[in-house]
Amino acid sequence: AEMPRGPRSKRMKCLSLAMEVLASADADQIEVAQLVTEVGVSRRTLENAFRDGLGVGPANFLKSRRLHRLNRSLLRADHSGTAVALLAREHGFNHQGQLAADYRALFGESPSITLRRPV
């Protein structure tokens, strides 16, 4: 079977390449502008590719991915010797207030509650 042609196939190829870049890069530190450069497309094309293929824009996808990685780190961390702020910075979050709001919206609790939860 032949690969479909036209705008949609270009977007899917773009999305596939973006996922390859994310798999080989430090995904917690990569920003949309860097992804645009690495993939070699316009920001609009990247936006359209993510929306068509995943239902969200690249910025939201990257943030969600970082939040899930942070969640896993918090669940594995020793709550007595680990600070949320340190793990947050390691995962590319610099604004603690925004992180807390985004984290609560996704996981229904604050990062500090997740950290203190027994495994």
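**Entry 1**

I start with a term: a helix axis is a line fitted to C-alpha atoms, over the stretch in contact, and angles run from 0 to 180 degrees between N-to-C directions. I also note that this is a predicted model.

I looked up how α2 and α3 pack. Their axes are 9 Å apart, and the angle is about 100°. Angles of 65 to 115 degrees count as roughly perpendicular. I therefore call α2 and α3 roughly perpendicular to each other.

Next I listed the residues that meet. From α2 I found Val32, Ala33, Leu35 and Val36; from α3 I found Arg43, Leu46 and Phe50. I sorted this contact by class and got 6 nonpolar residues, no polar ones and 1 charged.

**Entry 2: the cores**

I looked for nonpolar cores. The largest has 14 residues. Those with the most contacts inside it are Ala18, Ile30, Leu35, Val39, Leu46 and Phe50. The most comes from α1, which gives 5 residues.

I then followed Phe50. I left aside its neighbours within four places in sequence. Phe50 is in contact with Leu15, Ala18, Met19, Leu35, Gly55, Val56, Gly57, Pro58 and Phe61.

There is also a second, separate core of 10 residues. Val84, Ala88, Leu99 and Tyr103 are among its members.

**Entry 3: Lys13**

I moved to Lys13, which lies in helix α1. Is Lys13 buried or exposed? Its relative accessible area is 62%. Exposed means over 50%, so Lys13 is exposed. I also took a distance to Ala25. Lys13 and Ala25 are 12 residues apart in sequence and 18 Å apart in space, C-alpha to C-alpha.

**Entry 4: helix α4**

I checked the length of α4, which covers residues 58-76. At 1.5 Å a residue, its 19 residues should span 27 Å. The end C-alpha atoms are 27 Å apart, so the two values agree.

Then I asked which residues of α4 are buried. I found Pro58, Leu62, Arg66, Leu67, Leu70, Asn71, Ser73 and Leu74.

I looked at Asn71 by itself. Its relative accessible area is 13%. Buried means under 20%, so Asn71 is buried. Leaving aside neighbours within four places in sequence, I found Asn71 in contact with Tyr103, Phe107 and Thr114.

**Entry 5: α4 against α6**

I compared the axes of α4 and α6 (residues 96-107). They come within 11 Å and cross at roughly 85°. The two helices are therefore roughly perpendicular to each other.

Which residues meet here? On the α4 side I listed Lys63, Ser64, Leu67, His68, Leu70, Asn71 and Leu74. On the α6 side I listed Leu99, Asp102, Tyr103, Leu106 and Phe107. By class, I got 7 nonpolar, 3 polar and 2 charged residues for this contact.

**Entry 6: Thr82**

My last stop was Thr82, in the loop between α4 and α5 (84-90). Its relative accessibility is 21%. I did not count residues up to four places away in sequence. Thr82 then touches Ala77, Leu87 and Leu115. I also looked up Ser16: Thr82 and Ser16 are 66 residues apart in sequence and 36 Å apart in space, C-alpha to C-alpha.

Methods:
Residues numbered from 1 in each chain as written. Predicted model: local features only at pLDDT ≥ 70, side-chain atom pairs only at ≥ 80, totals over all residues. Heavy atoms only, no water. Core = buried A, V, L, I, M, F, W, Y, C linked by side-chain atoms within 4.5 Å. Buried < 20%, exposed > 50% of the residue type's maximum accessible area, 1.4 Å probe, protein only. Helix = DSSP H or I, 4+ residues; strand = E, 2+ residues; numbered from the N terminus. Contact = heavy atoms within 4.5 Å. Expected span 1.5 Å × (residues − 1). Parallel < 35°, antiparallel > 145°, perpendicular 65-115°, else oblique. Nonpolar A, V, L, I, M, F, W, Y, C, P; charged D, E, K, R; others polar.
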